[in-house]
Amino acid sequence: MSVHQAARTPSDRSVSGWYGLLPPPKAPEVLRGRHKADWIIVGAGFAGLAAARRLSQLVPDDRIVVIDAQRVGWGAAGRNSGFMIDLPHELGGENYGSSQAHDKKRIRMNRAAIEFSGSAAKEYGLQSHFVRSGKIHGAATSHGLRALHDFEGHLTGLSEPFEQLDAADMKRITGTDFFLGGTFTPGTVMAQPAGFIRGLASGLSERVEIFENSPVTTLRPGKEHKVQTLEGEVVAPRLILAVNGHLESFGFFKRRLLHIFTYASMTRQLSETEQATLGGEPHWALIPGDPMGSTLRRIGDRIVVRNTFTYNPAMTTNDRQIQKIGHAHDRSFKARFPMLGDVAMDYRWGGHLCLSLNSAPAFGEIEDRVYVAGCCNGLGTVQGTLYGMLTAELAVGTRHPMVNDALEEPPPSKLYPRPVMAVGAPARLWLMQKRAGREL
Ligand SMILES: Cc1cc2nc3c(=O)[nH]c(=O)nc-3n(C[C@H](O)[C@H](O)[C@H](O)COP(=O)(O)OP(=O)(O)OC[C@H]3O[C@@H](n4cnc5c(N)ncnc54)[C@H](O)[C@@H]3O)c2cc1C
């Protein structure tokens, strides 16, 4: 079998607000020396930890080792906006939906993943990081209202409940009169993503060994797979790769994964006076009716703004790009909350999303006893959990019915040739974001 050398390993830039709000973690356990295990999982995000949790339930006596290049919660799993969405969430379309049959299946699978995370939240006492509050789709333009209308039509077709919100409702909730309308859907869980993922890792650490700051540099599949880091190695008969877009860094799914980054800023704490001036409810979560618009969260005395997608095939961003996009966050914040004047941002960050052109995940057994769960198309908190959990079922051979559903999905489709992607992907993102107008 071939050797897979990592062409690059992740190094996420700048601390995310979610991570920054948590107490510093204890010193990491770095992989050193030679270890033998029954299972190796590379990646300690939603997918890797879901696989680890499910394995720890299915084969409780097995030795399970999880290895991550960074601290748990430092990567995308702790950088996202924390929307664990039960409904379809296609970022490429106009209203997040796809065909009815596809979306019904998606909802069933998403809800199974949310329940799996919910059971972990309960077991490990993470309820403050996992709140079943629902989410609002907000619209600030006639174009946004049309997107909401389409979305509501799609939900009606799926027999999914929702509540229509008018401009006055939106002001009552958010404090701003920026929004013309909204749609509330009840099934979304709002996570403090870094808090949840770190809490999950810490709960699991009783049954699973987790090594951090240990980038995997080489995979040597064989009868006993060998996984090497800079200072150590683990051998085991079964290997799960839960590294999201970095599957491509190991040479898997080449030219099939789209490496997109998105960015967020979190304000400093708002004073009591500022909160009174703003009004509205202390906690709410809003995604834009137009998928290219801005996501907003109020978490008590802070507000988080997320917007802007960029195409970064080298799988990395830099401080300049983060700061530049920070200006777009400031503009969006000011447009929505003019009553707050200039509020400094305490944190600005960016992170990696792995998408595919056909919105398909990377899932299955790609070499003998080497399994993958990745490319979660912008809904990794849920679909990472789902495919992570299902790789464990697949690898143990439990015949879980959703494994077949997942195996029936096509692989990520091929990207266009490199020069077409280099010009076409940024141009398409620019156009879609331009069209979002005031929703951005
Ligand atoms: C700003 C932002 C907002 C977002 N908002 C949302 C949202 O609201 N809801 C949602 O569902 N999704 C959201 N996402 C996407 C979500 O964060 C990802 O889809 C999700 O984290 C994917 O989970 P994962 O476990 O598959 O991958 P990741 O979370 O990326 O985990 C993969 C792990 O593998 C590790 N790794 C990679 N290569 C190696 C290696 N060579 N050796 C060792 N370890 C390695 C990485 O360090 C990483 O920890 C957002 C993303 C960003 C950046």
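Okay, to start: is Ser81 buried or exposed? Ser81 is buried, at a relative accessible area of 16%. When I say buried I mean under 20% relative accessible area, exposed is over 50%, and partly exposed is in between, all with a 1.4 Å probe and protein chains only. Ser81 sits in the loop between strand E4 (64–67) and strand E5 (83–84). The helices (H or I, at least four residues) and strands (E, at least two) are DSSP runs, numbered from the N terminus. And for a sense of distance, Ser81 and Glu248 are 167 residues apart in sequence, with 25 Å from C-alpha to C-alpha.

Before going further, some housekeeping. This is a predicted model, where local features need pLDDT of at least 70 and side-chain atom pairs count only at pLDDT 80 or more, while totals for chains, interfaces and linings use all residues. Residues are numbered from 1 along each chain as its sequence is written, and side-chain values use heavy atoms, with hydrogens and water left out.

Now the ligand. How many residues surround it? There are 34, and the closest are Phe46, Asp68, Phe83, Val216 and Thr381. By type, the shell has 16 nonpolar residues, 15 polar and three charged.

E20 gives the most, with three residues.

Next, the polar contacts, meaning pairs of N or O atoms within 3.5 Å; within protein, one must be able to donate a hydrogen and the other to accept it, and residues adjacent in sequence count only if both atoms are side-chain atoms. Thr381 puts a polar side-chain atom 2.7 Å from an oxygen atom of the ligand. Ala47 uses a polar backbone atom, 2.9 Å from a ligand oxygen. Gly82 also works from the backbone, with an N or O atom 3.3 Å from an oxygen atom of the ligand. On its own the ligand has 990 Å² of accessible area, and the protein covers 96% of that. Those areas come from the Shrake-Rupley method with a 1.4 Å probe; for residues, only the protein chains shown count as cover.

Okay, salt bridges. Side chains of opposite charge can pair when their charged atoms come close. The rule here is a side-chain nitrogen of Lys or Arg within 4 Å of a carboxyl oxygen of Asp or Glu, and by that rule the count comes to 22.

Let me walk you through some of them. Lys36 and Glu224 meet at 3.4 Å, N to O. Lys36 is in strand E2 (residues 33–36) and Glu224 is in the loop between strand E12 (216–220) and strand E13 (225–229), so this pair ties together parts that are 188 residues apart in sequence. Lys36 is exposed at 52% relative accessibility, and Glu224 is partly exposed at 37%.

Then there's Glu123 with Arg53, at 2.9 Å from N to O. Glu123 lies in helix H3 (residues 100–123) and Arg53 in helix H2, so here the parts tied together are 70 residues apart in sequence. Glu123 is partly exposed, at 45% relative accessibility, whereas Arg53 is buried, with 3%.

Helix H3 turns up again in the bridge between Glu160 and Arg111, whose closest N and O atoms are 2.8 Å apart. Glu160 is buried at 14% relative accessible area, and Arg111 is partly exposed at 31%. There's also a network of salt bridges linking Arg34, Lys226 and Glu233.

Last stop is the surface. Which residues make the nonpolar surface patch of about 280 Å²? They are Leu357, Tyr416 and Val420. Patch residues need over 30% relative accessible area and no salt bridge; like charges are joined within 9 Å, and nonpolar side chains (Val, Leu, Ile, Met, Phe, Trp, Tyr) within 5 Å. Leu357 is in the loop between strand E20 (345–355) and strand E21 (362–367), and is partly exposed at 38%.

Definitions and conventions:
A residue is near a molecule or strand if one of its heavy atoms lies within 4 Å of it. Ala, Val, Leu, Ile, Met, Phe, Trp, Tyr, Cys and Pro count as nonpolar, Asp, Glu, Lys and Arg as charged, and the others, Gly among them, as polar.
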